[in-house]
Amino acid sequence: MLLDTAPRRSGVLDALHRIGALARHNLIIRLRDPGQMISYVAMPMVLMLVLKPLYVRALDQGAAQVATGLMVMFSVFAISMAGNAILSERTWRTWDRLRASRAPASELLIGKTLPLFAVMIAQQVILIVYGCLAIGLPVPPSPPLVLLAIVIWAFALLSLGAALATLVRSHGELSVITDVGALTLSALGGALVPLSIMPGWAQTAAHASPGYYALDMMQAAVRGDAAGIAPSAAVLLALGLAAGAFAARRLARGWGRGGLL
Amino acid sequence: MLVATDLVKRYGDVRALDGFTLSVAAGEIVGLLGHNGAGKTTFVEIVSHLVRPDGGRVTIDGRSPSAARGEVGVAPQHLALYPSVTVREHLELYGRLAGLRRAALREAIEELAVVLRLTEIMDRRTGRLSGGQQRRTQAAGALVHRPRLLLLDEPTAGADLETRQAMLDVVRQRAGEGAAVVYTTHYLPELTELRATIAVARSGRIIVRGACDELLRDLPGEVRVTLDGEEEITVSTADPAAALIDLLGRVSRPVTAVDVRNPSLDDLYRSLAVTHAA
């Protein structure tokens, strides 16, 4: 006897169940290959510790600069985590297998990106807490404001990573773009050297870098300046929405049979 | 159950499907044959709602492929597995996506593990399995929710004997329960064993469709008789049994070996290829 054994529930509950299954599945994959997560948390910790004396002597807000700067820089590196996770679905040919399931594209995307989003948020929270405990970053007067800034930045990074993954043809290509891009964008944004002591052209070019807005937003959040985070948060949200919409459109259609190196 | 009418799909200048028409009834196994590029995989992708056709219509139980996705089980031609995830976790994922819950999910997984001979490897990561074990895992993912329509795209490609036998057993079982099955393959004897009806695709359309016996009826078989262990007489005929009786009545020397080969699907395939190439 052939039966459709799936019990029918309300649409929302069914959708939540499927998203939960996908998120759990992707969390398993993340946890079984934690190398990138560990390195993007451990490396900035080491660098903060080593560079702290230099920044503290050179700048008034040296501890804040080194903690937020390196946090922004290594969170940009984490774009490659999102990119690799999505690109792997393509190289393993599993994305089309998922698309053939009952879950619509929106659920697949949410289920796929939810664990990545959580990892990115966790990375930034750990680095801020570490900055306070070990580097001398003043304890932010408004932790929810810092968390809000972290969530917005993680959303923008996740969207950029997802969009990038739909464009590149191999993990090698993705690696080159994310490594070089992360270093350039975050350095240009003032993550390594404060913008105020950078040359004029660099200060102008900085406005084209998401890293600039992330650093501006993060430093305002750490100061407890709610109004100060708004302009940069708006830019990053817009960027995240645009990149996310692009990625969602590409992923919903699948990749077809070509395009890989 | 599945009705596809006049499907057209173009990729640039290539017409992957060009008036592809095929229907499959509940409980029927249709063996879809054809050379590479004949349109088999494109057809499977359209029915799975992965690709939109440029023309034509597909219905599954009267619904569009999009609306009927939960009723379809797909095992794609290429392996599509997560290497760091275990067999059990794969089946849990696809079962949950299809709406199965706790006890029903556990039961479905345990049953499939037995039928597809996966019990021993349920907690191993698929990246560490043999090719045959990976094939069976992939098929299990397509079957876990007991779909009404099964699309198996070369499910035994490169598989060992154990995998092939397990796959044929489960396909027969599911068809017996009422599932419609589309089974694409290059291994023609599998279709004889499945008692499948045959559809042969060529250049994006179905050129022949019918029961295996009917299609083979007019094709020549072969009778080979060896006399005295030396001389060999070979006769091509549509009725090998009658030809053998006739031959044995006519020869006077001792017969030391007899070989009778009935027409096979390979013969059909070759004959169609010649006819349509001409």
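This report describes selected parts of a predicted model with chains A and B.

Confidence is considered before the details. Chain A has a mean pLDDT of 90, and 94% of its residues reach 70 or more. Residues 1-7 of chain A, however, stay under 50 in pLDDT, and for this stretch the model has 20 contacts beyond four places in sequence. Where pLDDT is low, the predicted coordinates should not be read in detail.

Within chain A, helix H10 covers residues 210-223, and its 14 residues reach 20 Å from the first C-alpha to the last, close to the 20 Å expected at 1.5 Å a residue. H10(A) is mostly covered, with 13 of its 14 residues buried, and the residue that follows H10(A) is Gly224(A), whose phi is positive, near 85°.

Chain A also touches chain B, in a contact that takes 27 residues from chain A and 31 residues from chain B. On the side of chain A, the elements that give two or more residues are helix H1 (11-32) and helix H5 (94-99), and the largest share, eight residues, comes from H1(A). The residues on this side of chain A divide into 11 nonpolar, six polar and 10 charged.

In chain B, strand E3 (residues 29-33) is largely enclosed by the rest of the structure, because five of its five residues are buried. Both faces of E3(B) are covered, with Ile29(B), Gly31(B) and Leu33(B) buried on one side and Val30(B) and Leu32(B) buried on the other. E3(B) runs parallel to strand E7 (residues 180-184) of chain B, where Val30(B) has Val182(B) as its bridge partner. E3(B) also pairs in the parallel sense with strand E8 (residues 197-202) of chain B, and there Leu32(B) stands opposite Ala199(B).

Another part of chain B is an open sheet of three strands in the order E11-E10-E12, with antiparallel pairing. Its edge strands are E11 (231-237) and E12 (255-261) of chain B, each of which pairs on one side only, and the twist averages 10° from one strand to the next. Strand E10 (residues 221-227) of chain B runs antiparallel to E11(B), and Val223(B) stands opposite Val235(B) in E11(B). Helix H8 (residues 240-250) of chain B lies across E10, E11 and E12 of chain B, running at about 25° to E10(B).

| Strands | Sense | Bridges |
|---|---|---|
| E3(B) and E7(B) | parallel | four bridges |
| E3(B) and E8(B) | parallel | four bridges |
| E10(B) and E11(B) | antiparallel | seven bridges |

Notes: Residues are numbered from 1 along each chain as its sequence is written. Chains are lettered from A and ligands numbered from 1 in the order in which they are written. This is a predicted model: local features need pLDDT of at least 70, side-chain atom pairs count only at pLDDT 80 or more; totals for chains, interfaces and linings use all residues. The expected span of a helix is 1.5 Å times one less than its number of residues. A residue is buried if 20 or more other C-beta atoms lie within 10 Å of its own, exposed if 12 or fewer, and partly exposed in between; C-beta atoms are placed from the backbone. Two strands pair if DSSP finds at least two bridges between them. Two residues are in contact if their C-beta atoms, placed from the backbone, lie within 7 Å. Ala, Val, Leu, Ile, Met, Phe, Trp, Tyr, Cys and Pro count as nonpolar, Asp, Glu, Lys and Arg as charged, and the others, Gly among them, as polar. pLDDT is the predictor's confidence in each residue, from 0 to 100. Axes are lines fitted to C-alpha atoms, for helices over the stretch in contact, and angles run from 0 to 180 degrees between N-to-C directions.
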